[in-house]
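Subject: Structure handover

Hello,

Here is the structure I promised you. Please open it beside this email and follow along.

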Amino acid sequence: MRYYASLPLSVKVKLPHGIEYDQPTGLFINNEFVPSISGKTFSVISPSTEEEITHVYEAVSEDVDAAVDAAEKAFKNSGWATADPSQRVSGLLKLADLVEEHAEVLASIESLDNGKSLMNARGDIALSAAYYRSCAGWCDKIDGRNINTGSTHLSYTKREPIGVCGQIIPWNFPQLMLSWKLGPALATGNTVVLKTAESTPLSALYLAKLVKEAGIPAGVVNIISGFGKTAGEAIAIHPRIRKVAFTGSTATGRHIMKRAAESNLKKVTLELGGKSPNIVFNDCNVKNAVQNLIVSIFYNSGEVCCAGSRIYCQSGIYDELLSEFKTAIEAVKIGDPFNEATFQGSQTSQQQLDKILGYIEKGKAEGATLVAGGERFGTKGFFIKPTVFGNVTEDMGVVKEEIFGPVVTITKFETVDEVIEKANDSEYGLAAGVHTEDINKAVDVSNRLHAGTVWVNTYSDFHTSVPFGGFNQSGFGREMGTEALDNYTQVKAVRIKISPKSA
Amino acid sequence: MVTDEYPLTVHIKLPNGVEYDQPTGLFINGEFTKSKQGKTFEVVSPSTEEIVCSVYEALEEDVNAAVDAAENAFKNTEWATQDPSVRGRCLLKLADLVEQHAEVLAGIESLDNGKSLFCSRGDVALCSAYFRSCAGYADKVDGRIIDTGSNHLSYTRREPIGVCGQIIPWNFPLLMASWKLGPCLATGNVTVLKTAESTPLSALYLCNLLNEAGFPPGVVNIISGFGKTTGDVIALHPKVRKLAFTGSTATGRHIMKRAAESNLKKVTLELGGKSPNIIFNDADIAKAAQNMIIGIFYNSGEVCCAGSRIYCQSGIYDELLVEFKKAIANLKVGDPFDETTFQGSQTSQLQLDRILNYIDVGKKEGAQLITGGERIGGKGYFIKPTIFGNVHEEMRIVKEEIFGPVVTITKFETVDEVIELANNSEYGLAAGLHTEDINKAIDVSNRLKAGTVWVNTYNDFHSSVPFGGYAQSGIGREMGIEAFDNYTQVKAVRIKIDKKKA
């Protein structure tokens with residue numbers, strides 16, 4: 001880590017395909033970019049080239065305090081929470097429009113910083129604009145209830161914002177995760193201190209400019225770059241943050257929840273890891289199933305919390321499916337994110353590359369059969385070939401543990417009961433896929449799977465109206481759908497006793 | 001005390017002549033059993049300080065047995081997957097049985113907790129009403145069909161979580177059991193519920209009614225035990241996927257940490273409070289005084305949402321204080337089984353000592369003792385209704401939860417001032433305000449940071465109205481439709497449609 005005594009608050013970055021833009025590097029507090037109080041910065045690497053892009057300022061706990069102060073002031077004094085909600089509607093709609101206007105730049109920053117293909121990045125940006133727009137529509141519909149308890153009382157509930165919310169997002173979908181956090185928090189009148197992942201701070205800082213342009217008042221949104229152990233920790237224990245939302249690993253989620261309890265019992269929602277089963281029945285549409293398998297594990301280089309990382313294929317079509325799957329894999333274009341034909345970009349960091357390659361070695365050592373891939377791709381940039389392990393057993397590390405890369409296991413099964421038992425044998429429970437043309441299996445199997453989302457004849461098929469989140473240790477709370485708003489509101493019940501007067 | 005000779009039922013004669021059979025075992029899989037190590041602990045009647053009986057104490061192996069029974073009922077019986085109206089029927093029958101056994105249950109509650117029969121009869125009535133309300137919801141836990149266009153069928157299911165751990169306090173033993181069991185069972189979960197060690201009796205009596213109501217074995221398991229042993233095992237248990245706790249903020253914090261450390265089980269907490277009760281100049285003084293009495297002396301002040309800080313606007317301060325003292329003088333404190341008693345005893349020696357200590361602290365801090373301030377008699381844990389005046393906001397008796405019949409009273413001038421005073425707390429459970437002016441009623445209730453605001457009333461619960469805390473008073477809501485969210489998890493299903501021509 002190098003210390004820049006005076007890193008400029010904006011640097012010019014030239015993207016590989018020629019676009020140039022102004023990249024903010026400061027901490028976004030009170031609608032302004034400021035250096036960190038200590039002047040500390042850290043380096044940002046492009047994982048598809050391993051080259052340094054720039055430095056950004058690094059927030060530690062004193063910077064978190066400054067951000068919380070700004071957020072608290074904005075909550076109490078700016079009217080964001082108490083004015084007619086149409087102010088929030090207009091802020092979020094404008095933000096959605098601005099994201100769309102700046103879509104190419106945002107997508108490119110995402111590909112540069114995260115390594116994902118432009119194809120993936122463009123999809124993320126489109127989803128994120130759609131989500132801000134969807135949340136905008138909620139602002140003026142956060143209704144309480146008028147409860148009939150008889151004529152002696154007026155009893156009602158209000159759904160009030162919580163106040164200053166701490167939000168910690170991961171590096172796999174920086175821009176999209178930003179929208180999943182900001183959208184519902186802002187729609188319901190809260191103010192936010194959001195920390196990006198240290199591997200991928202850039203696109204959020206660019207979005208911060210659009211937050212200001214959208215007319216969102218100063219202090220409502222504060223975005224800081226920093227590390228988990230310092231800035232993240234400061235957020236988790238902060239006495240004036242009343243709610244923390246975290247997306248990341250299960251181990252860190254556990255730590256965050258403990259810190260929340262120890263500090264001030266702040267409300268917690270967690271979206272954590274997964275080892276999601278993808279079940280293919282004999283009567284599936286094989287072509288569609290194969291496409292869905294590809295999307296489920298190789299989309300976004302497998303760096304997806306709900307990736308379908310365990311394939312269970314019914315024995316009747318196992319050979320045919322595997323053959324089609326291998327053919328489809330060969331057609332997956334892996335390489336330069338800025339090449340329009342690329343599907344799979346790089347992994348996000350050296351650390352991730354090493355972790356995944358480690359799991360590939362583990363799989364081989366455990367005795368699994370390498371059916372495809374199994375090694376790094378090229379020598380510059382953190383690329384890994386799409387990898388399939390067959391002949392696995394349920395207790396192998398590659399079957400039980402989350403790898404978070406383009407590595408999938410495939411297992412044969414015979415009956416419905418058998419595959420449901422195997423699919424559910426996990427401490428995770430984030431998602432599952434089912435491929436069948438039979439309505440009975442589609443509904444019965446999806447009823448019985450222990451997962452927060454079940455996809456039938458599709459996969460990683462998100463929609464802003466459909467809630468997403470985990471069972472078991474994949475997390476609690478739901479993002480998107482109407483459910484997301486419950487994470488950012490608290491219920492106040494009011495009972496007014498009526499003494500009927502005759503005059 | 002270690003003995004495996006203790007009977008699983010003892011015959012008890014209540015002070016009012018009612019006789020009944022008190023179960024003493026652990027209720028696991030539909031049966032009462034002795035604890036595996038044979039350990040028992042004593043149950044004391046706090047209004048007489050006499051030993052009532054002993055009950056078996058659950059340790060880790062007993063918790064495991066209960067969890068196994070619950071898990072078996074969840075996975076291998078139809079409880080969670082059958083037509084939900086069947087669950088509704090069980091809860092309706094339970095509500096009816098509670099009403100049939102109301103006098104016995106109220107008597108047990110007064111014996112074990114020390115609260116007046118007046119209070120315990122109210123509790124039992126609320127308890128059966130709540131089971132009945134939950135029964136009506138069992139078949140209405142709907143998911144949604146979400147329109148995402150014609151290419152998919154997208155819907156949500158609200159599924160039960162599985163084995164729930166529930167830990168209840170000693171201030172409203174039966175009522176708290178109903179707040180926990182009702183929504184949990186209506187939504188198809190199964191439970192292991194631990195009562196408070198001071199007050200295990202009424203829940204054990206309820207177990208016979210559970211069987212009679214038709215709940216299958218293993219669906220409800222009720223065990224007696226201590227927090228540090230039994231409670232901690234539940235909080236850490238890898239097969240318990242959801243934990244609900246009502247009790248102190250300190251223990252709630254510990255419980256949430258255990259939940260995180262073990263398996264990220266979902267947690268809802270209903271914790272302490274130091275709720276402000278605000279009287280404006282234009283209040284109806286007689287009613288306000290009555291609501292202040294209910295606010296702090298009902299249930300001997302052992303109420304999480306007790307209105308323990310009174311803020312009275314200066315214009316009526318003197319008049320209100322006179323009314324309040326008059327109303328206190330009319331309060332009967334004494335034998336819970338005396339039909340005219342309003343305020344019974346505190347629940348235990350521990351609580352008595354704690355409250356008397358706070359009274360001492362108040363005096364030392366320089367507060368003025370306006371009335372009460374001492375124990376009543378030498379037998380039974382009775383404390384006189386106590387008011388401290390001339391307090392300032394930094395005093396411990398103004399900041400900390402005393403959990404007894406002790407209230408502070410402070411003068412204020414303006415709306416902004418009292419809202420700032422009221423909100424200056426890490427708690428946020430409830431608040432009261434007394435005014436006849438519609439504007440103050442609504443504006444002040446908007447601005448108070450509390451999960452429940454009562455206007456011209458206090459401790460005025462209804463099973464349809466959600467209850468729970470802001471800030472460190474807790475997480476989640478009980479009663480109201482919100483309670484059912486604590487016991488369900490959302491599964492989203494998306495089925496992609498291939499539009500076939502034939």
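Contact here means heavy atoms within 4.5 Å. Helices (H or I, at least four residues) and strands (E, at least two) are DSSP runs, numbered from the N terminus.

Before going on, note that this is a predicted model: local features need pLDDT of at least 70, side-chain atom pairs count only at pLDDT 80 or more, and totals for chains, interfaces and linings use all residues. Residues are numbered from 1 along each chain as its sequence is written, chains are lettered from A and ligands numbered from 1 in the order in which they are written, and side-chain values use heavy atoms, with hydrogens and water left out.

Buried means under 20% relative accessible area, exposed over 50%, and partly exposed in between (1.4 Å probe, protein chains only).

Two strands pair if DSSP finds at least two bridges between them.

Look at where the chains join in this order. Strand 22 of chain A and strand 22 (residues 452-455) of chain B pair in the parallel sense over four bridges. A:V494 has B:V453 as its bridge partner in strand 22 of chain B.

A:T489 belongs to strand 22 (residues 489-497) of chain A. Is A:T489 buried or exposed? A:T489 is buried, with a relative accessible area of 11%. A polar atom of its side chain lies 3.0 Å from the backbone oxygen of A:L485. Not counting residues up to four places away in sequence, A:T489 touches A:I142, A:R159, A:E160, A:I162 and A:T188.

**Strand 12 of chain B**

Strand 12 (residues 242-246) of chain B is mostly covered, with five of its five residues buried. Both faces are covered. B:K242, B:A244 and B:T246 are on one side, and B:L243 and B:F245 are on the other.

Strand 12 of chain B pairs with strand 9 (residues 163-167) of chain B in the parallel sense over four bridges. There, B:C164 has B:K242 as its bridge partner. Strand 12 of chain B also pairs with strand 13 (residues 266-270) of chain B, in the parallel sense over five bridges. B:T246 has B:E270 as its bridge partner in strand 13. From strand 12 the chain crosses through helix 8 (residues 249-262) to strand 13 of chain B, and this β-α-β crossover is right-handed. That term applies if, with the strands pointing away from the viewer, the path from the first strand over the helix to the second runs clockwise.

Helix 7 (residues 227-236) of chain B has buried residues too, including B:T230, B:V233 and B:I234. The buried residues of helix 7 pack against several elements of chain B, among them strand 12 and helix 8.

**An annotated residue**

The UniProt annotation "active site" (unreviewed entry) covers A:E271. UniProt positions are given in the numbering used here, feature names are shortened, and annotations may be inferred rather than shown by experiment. A:E271 is found in strand 13 (residues 267-271) of chain A. A:E271 is buried, with a relative accessible area of 3%. Leaving aside neighbours within four places in sequence, its contacts include A:W180, A:C305 and A:E479.

**A loop residue**

B:N330 sits in the loop between helix 10 (317-329) and helix 11 (349-364) of chain B. B:N330 is exposed, with a relative accessible area of 67%.

Best wishes

Conventions:
Polar contact = N/O pair within 3.5 Å; in protein donor to acceptor, adjacent residues only side chain to side chain.
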